Amino acid sequence: MLNRVTTPQNLDERFRDAVSALRSPESRRDPGDPVRDGSTLTGARTRELFDAQLTARHLDLAARWLRSFNEGFTTTGSSGHEGNAAVAAALRGDDPAFLHHRSAAFYCVRAADRAGTTGSDPGRRLEDAARDVLRGVVASVRDPATGGRDKLFGNPELHLLPAISTPGGHLPRAAGLARSLSRAGTAPWPADAIVVASFGDAGASGPAAAAALEMAGRAGAEGKPVPLLLICEDNGPDATDPDGWPAVLLRGRPGLRYSFADGCDLAATHDAAVEAAGFVRAERRPAVLRLATVHLLGQAGDPEPAPEDPRDPLIGTARLLVEAGLLGPDDVITRYDEVGWQVRKAAEEVLGEPKLASIGEIVASLAPRRPLRVAHAVAEAAERAAGPGAAARAQVFGGQLPEHAGPLTLAQTLNAGLTEALAADPTLLVFGPGVTGGGPHGVTTGLRERGGDRVLDTPPDVTTVLGLALGAGTAGLIPVPEITGLAALHTATEQLRIEAAGMSLLSSGSYRNPMVLRVPGLAQPLGLGGHLANDNSVAMLRDIPGIVVAVPARAADAAPMLRTCLAAAAVDGTVSVFLEPVALYQTRDLYQQGDSEWTAAYPEPSGWAGEHVPIGRARIYGLGTAQDLTIVTYGNGVRMSLRVAAQLAADGYGSRVVDLRWLSPLPVADLVREASVTGRVLIVDETRRSGGVGEGVLAALVDGAFVGSVRRVAAADAPVPLGPAAEQVLVGEDAITQGAHALLAR
C-alpha cells in the first residue's frame, strides 16, 4: 500500500512545484461560464471554493505550528479532503449537517456562504471561519461548537451539528433525524431541508454505519420520507477504484441511491453532489455519495512521506482555474500565500483567548437540572388533564379512565402512564421492536390504537432504535424508545455515552437529546431465559455522566417517576433510562397470596402534583419501631427487603427500608439521613458485587461521614445461569435475612 502521509513542509513544496509547472491557455473562460465543459460549476464559484480549500489547508498547517509550542491540542487534519468544499456548495445553508473530523473546507464554505451577515464579505467570513476552527484547536471558550471542551466542526448558527462519536457513530442519529424531519417537532429547519452526514471509509464497515444504512434504506424502500445524504470520504487503498470494497459495502442496498466521484476533482465532486442533493431533496429518499479522497497529513509521529507524489485536491483545483484562464500560476501561489498569512494571523489572535478554568465551567452544559420547573411542568399537565383536556383524556382511554379501574400492576400502570403522555404531548413518540403489538412484555398493548402513527415498530437492533431516538430528540420531539433488555444495551453504550449524554455538553447547550429509554431488565425468578434475559449489570449506565437512571419497583411509583422523566426531557432535555424490573411487571402480592399489596390505584390528575417524585429522591418505608436497621435497596430488592423487614418486626426489630428509586443520581441526602438514624446499614444490591450499585452506596456513606456498621448483600460476579442455579448467583430473601441478623448482633 502506498504511504500517502506526508509532512507540512513537503506538502507545501509539492503544491508550489506543481502549480509553477502549470501553463496558462491562449484563451480564457468567462467567470460566469462553466469552469470545464459539461460541468455545473462556474469559474467564479470555483475561485470562491478554492479560497475555502486554501483556508482549510492552512488551518492544518497552523494547527501544527500551534502544536509545536504546546498551544494547539489537536492536529488531525483535512488535507486531502478539501473536495468536500464542493459538497457544501451543493447544499443549502439551512440543511442540517453532521461533519466528520476532516471537514474544514466544508465548514469554511458554509461560513462564507452564510446569508444575513451584515458588513462582511465572503473573504472576511472565511477569516472568521478560520478563527472559529482555530479556537477549537487551542481550546478557547469562544469556540462556537464546544466552548473549549473538544475540537469539532459544529456551529448552531451554520446548522452544523457536532458529530461527536467514533467513525460512523453519528450516522444512526443522522438517519433518525432524517426520519423525524417530517414530524411536527421544534427543530429550526424548513420542511424541504435534507440531512447531511459525512464519514470516512473507516466507519463504512462499522456497526453504526450498517444500522444507519439499513434504517434509511428500509424506510426508503417502504416509501417513507428519509431525506438523508451520506457522504463517504474514502481515503483508503481502494479509494480511486469505483468498484472497490467500500463500493461493495455501500452500493446496491435496497432503498438507497449510490454514486461515486473523484473527491480530488472539484468540478466532478460538485456535479455529483448537486445531483445527489437534488435527488434527496426532490424525492425525500436517501442517497450515499462516495468520494475518492486522500490522507495527506497525519499526526505527530506518523511515517515519513512516500517518494511518489500523491493526489492533491488543491493542485486539482489550481489546474482547473489555470486551464480556464481564470488565474495564472503566479496568481495561485500569491493567493495561497495571502490566505496563509490571514490564517496565521487568526492563529495568533486566538492564542490569548480564555480557556475553561474550573469543573463548574466544564460541566455547565452537561445536564442542566431545574427541579422546580420540572415539578411545575407536572402540575401544569395535571391541570390540563383535569380541565381543558379532560374530554380528550376520556376519549383516548375509551371512557374507561385508569383511576376507575381498581388497583393496577406495575405493567398496567406504565401502560396507562404512556397513554396519558401520548394524549397530552403531540411531540411524543413511542417506538421499539414490536411495541405496536404490546412489546416483549405487553406493556405497550393498545398504544397503537391510542397514539396512531406516533407508536411505531422498529427493527430489533438497538443501534437503530437509539439512532431513531437521537434523531427524533434533535428534531425537537420527545422519544420514548423501548429495547429488549439490558443485554442489548451493552452493544450501544457509545450512543448513550457520547451521542446522547454528550450532545449538550459538546455543543455548549445548543443541541440536546431529550429521551426516556425504557429498558425491561434485572433478573427474574429461576433465571428464566438464561443470562441474556437476566442481565443484572448496570455499571455502564452509572458510569455515563449526565444521564438519569430510574428504577420504579412498584405501581405506586411507576406513573409519578415516568411523568418526572418525561417532564425533565421536555424542560431540560434530560436523557433518562427507565429500568423496569421484569419480575415485578405482573406481581400483585407482597406479604401473602391475595393481599394485593404490590398493586396501587392510579391517581386522578388532581393528585399528580402531590405525588410528584423529584429526580434523586428515595422512598422510605418504616416497619416496627424503624430504629434498629436501615436496608438500602431498589428494584426487586425492595419487595424482598420489605418481606424480610416484616419478619424482623415480628421478632421485635424495627427497620427502615430505603427504596433508592434513582440509581443515577443516587439520593445521597436521603440515604445518609436514614442510615444515621439506626447506625446499621444493610445494602441489598441485585447487581454484581464488583461494579454494582452497592459500591456507589458505600462510597456515598463514606463521603457523607456516616459512622456505623455496614454490610452488603449482592449478586455474585457471574452471569445468571438458567433455571434453579440462578439462586446461587442472585440475591434472595435468605441472604437478606442472614445479613440483617449479622448486623443486629453487633
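**Figure 1. Position of Glu 611 in the predicted model.** Glu 611 lies in the loop that joins strand 12 (575-581) to strand 13 (619-623); helices (H or I, at least four residues) and strands (E, at least two) are DSSP runs, numbered from the N terminus. The model is predicted: local features need pLDDT of at least 70, side-chain atom pairs count only at pLDDT 80 or more, and totals for chains, interfaces and linings use all residues. Residues are numbered from 1 along each chain as its sequence is written, and side-chain values use heavy atoms, with hydrogens and water left out.

**Figure 2. Surroundings of Glu 611.** With a relative accessible area of 38%, Glu 611 is partly exposed (buried means under 20%, exposed over 50%, partly exposed in between; 1.4 Å probe, protein chains only). Neighbours within four places in sequence aside, Glu 611 is in contact with Pro 560 and Pro 603, where contact means heavy atoms within 4.5 Å.

**Figure 3. Glu 611 and Leu 743.** These two residues are separated by 132 residues in sequence. Their C-alpha atoms lie 34 Å apart in space.

**Figure 4. The protein around these views.** The protein has 27 helices and 18 strands. Of its 746 residues, 59% count as buried. Along the principal axes, the C-alpha trace spans about 105 × 55 × 50 Å. Among the contacts with a separation of 6 or more, 80% are between residues 24 or more positions apart.
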